[in-house]
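Let's take a walk through a protein model and see what sits around its ligands. Keep the picture open while you read.

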Amino acid sequence: MPDGRESAMDGEKRKTAVIDEKEIREQRVFSEKVRGILRKRYGEKPLACVVTFGCQQNLADSEQIKGMLKEMGYGFTDDRFGAKLIIFNTCAVRAHAEDRVFGNIGMLKNYKSENRDVVIACCGCMMQQKHVAERIEKSFPYIDLVFGTHVIYRLPQLIYGALTKRKRIFEIPDTDGAIAEGVPVLRDGSKRAWLPIMYGCNNFCSYCIVPYVRGRERSREADVIIGEARELVKNGCREITLLGQNVNSYGKDLAPRVSFSQLLRRLNEIDGDFRIRFMTSHPKDCTRELIETMAECSKVAKHLHLPFQSGNDRVLRAMNRSYDREKYLSLVNYAKELMGDALSITSDVIVGFPGETYDEFKDTLSLVEEVKFTSLFTFIYSPRKGTPAAEMPDPVSAEEKGVWFRELTELQEKISAENMKKYAGKTFKCFVYGKGKLGDNYVASRTDGNLIIEFEGGEELIDTFQNVKVTEPLTYVLKGEKERN
Ligand code: SAH
Ligand code: SF4
Ligand code: F3S
């Protein structure tokens with residue numbers, strides 16, 4: 001069971017649950033047992049296919065899943081029809097995400113009936129919802145193993161069960177969640193890495209399922225995060241993205257408290273040529289201090305992903321977002337003031353929240369017009385069972401929401417095109433990530449704001465940072481030239 005760690009939260013004592021090391025060691029024993037079974041059953045290394053849906057949090061979880069599978073003796077394939085173990089790591093954020101998962105599971109029915117020894121598992125956010133687990137139990141009898149977001153570290157034991165028992169396994173405890181350290185991680189070997197700094201969410205935005213499926217906010221110890229970052233940089237990693245649903249409230253549950261700004265400053269002190277990114281920031285907890293920290297720390301990418309969701313104060317209140325349009329704009333303007341052209345701002349927006357009127361939606365358009373985001377992630381509202389918004393009257397038709405949605409995306413396309421023109425003549429610090437598409441002698445690089453700039457240069461520049469001056473904005477790509485270092 002999770003061990004109790006005393007810590008202070010808003011002046012009060014509270015327990016941050018940390019999984020006992022003993023339990024993690026026990027998992028290693030199961031891992032060995034699985035290895036033995038696999039060797040006997042297959043001789044050679046059986047292959048596993050891990051399919052990941054959803055956000056970076058799920059990608060990071062899948063890296064832990066693969067880390068454990070590797071210890072158990074699995075190799076990996078992207079071809080699910082050649083795998084002995086298939087794991088779907090699922091997302092519940094919108095209906096579309098869930099439909100895709102069910103579609104993918106459905107396609108495995110024949111494969112399973114022709115290959116009885118194959119183990120099929122589902123995990124992730126979707127499974128943490130009771131009605132989904134029940135549907136899998138009833139309608140998808142060929143799924144052998146279902147586990148929730150709080151027991152990923154117990155994968156070796158779960159796989160051992162799936163390989164040895166005749167019964168299907170459903171392991172979905174409904175807890176606030178705990179932190180498991182010491183779980184092996186298998187990263188994809190690229191120069192970019194995800195680094196979770198906290199889990200869960202306390203905000204309960206009225207439309208969102210995440211707090212129900214991911215549990216309460218809990219932070220990893222700063223020293224552990226810094227140790228992991230140091231190791232990554234030592235192994236050649238050039239870009240570390242710190243992950244959390246609301247990184248700005250990092251450390252509130254630690255004793256002594258550590259703020260996100262303090263964490264960033266400590267990470268910035270690590271020696272080496274690398275860049276630090278973070279996501280997601282919540283405007284409610286985003287402070288001027290954080291913006292100053294971003295501006296002052298040379299290794300922190302000048303990229304702020306700050307979802308605003310709606311430009312209208314009534315809608316923001318109904319969404320339970322705890323900030324208003326004015327606060328949002330004042331944060332953005334302060335960031336622009338401190339970081340100027342180097343700064344790129346991106347955001348998430350929901351169109352057609354229940355009860356939103358066209359007039360209110362126009363406030364979203366005007367905010368987009370005012371901020372001039374580098375890019376925007378736009379979503380049509382999707383009702384999520386169990387959230388307050390799903391119970392609210394929603395009179396606007398799907399067709400009408402579609403019209404609003406297109407109006408918004410067209411506006412952003414216009415702004416993105418204008419931005420592209422404005423980049424001409426400007427110099428950006430870019431990470432060169434591969435060969436370019438504009439010609440054989442071109443390499444492709446990425447700015448802090450994830451804009452692509454291609455320039456003439458040799459392959460020896462790949463995996464380095466370069467200052468690149470934009471010479472010609474094309475439609476989706478910028479053409480540039482490398483500045484002398
Ligand atoms: N923690 C992050 C975002 C998590 S989900 C934050 O607070 O910003 C990513 C995005 O999905 C959200 O920012 C929101 O724009 C969108 N989203 C979440 N729930 C949704 C729903 N029910 N319908 C449509 N979009 C939703
Ligand atoms: Fe969802 Fe809001 Fe938490 Fe983001 S902050 S994960 S939108 S509840
Ligand atoms: Fe989806 Fe879960 Fe992320 S619901 S967006 S995978 S936290």
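A polar contact is a pair of N or O atoms within 3.5 Å; within protein, one must be able to donate a hydrogen and the other to accept it, and residues adjacent in sequence count only if both atoms are side-chain atoms. What you see is a predicted model, where local features need pLDDT of at least 70 and side-chain atom pairs count only at pLDDT 80 or more, while totals for chains, interfaces and linings use all residues. Residues are numbered from 1 along each chain as its sequence is written, and side-chain values use heavy atoms, with hydrogens and water left out.

Start at ligand 1. Q245 has a polar side-chain atom 2.8 Å from one of the ligand's nitrogen atoms. For R94, a polar side-chain atom is 3.0 Å from an oxygen atom of ligand 1, and for Q309 an N or O atom in the side chain is 2.7 Å from a ligand oxygen. The protein covers 90% of the 540 Å² of accessible area that ligand 1 has on its own (Shrake-Rupley method, 1.4 Å probe).

Now look for Q245 again, since it is also among the residues surrounding ligand 2, including C201, H282 and R321 (each with a heavy atom within 4 Å).

Note on methods. Chains are lettered from A and ligands numbered from 1 in the order in which they are written.
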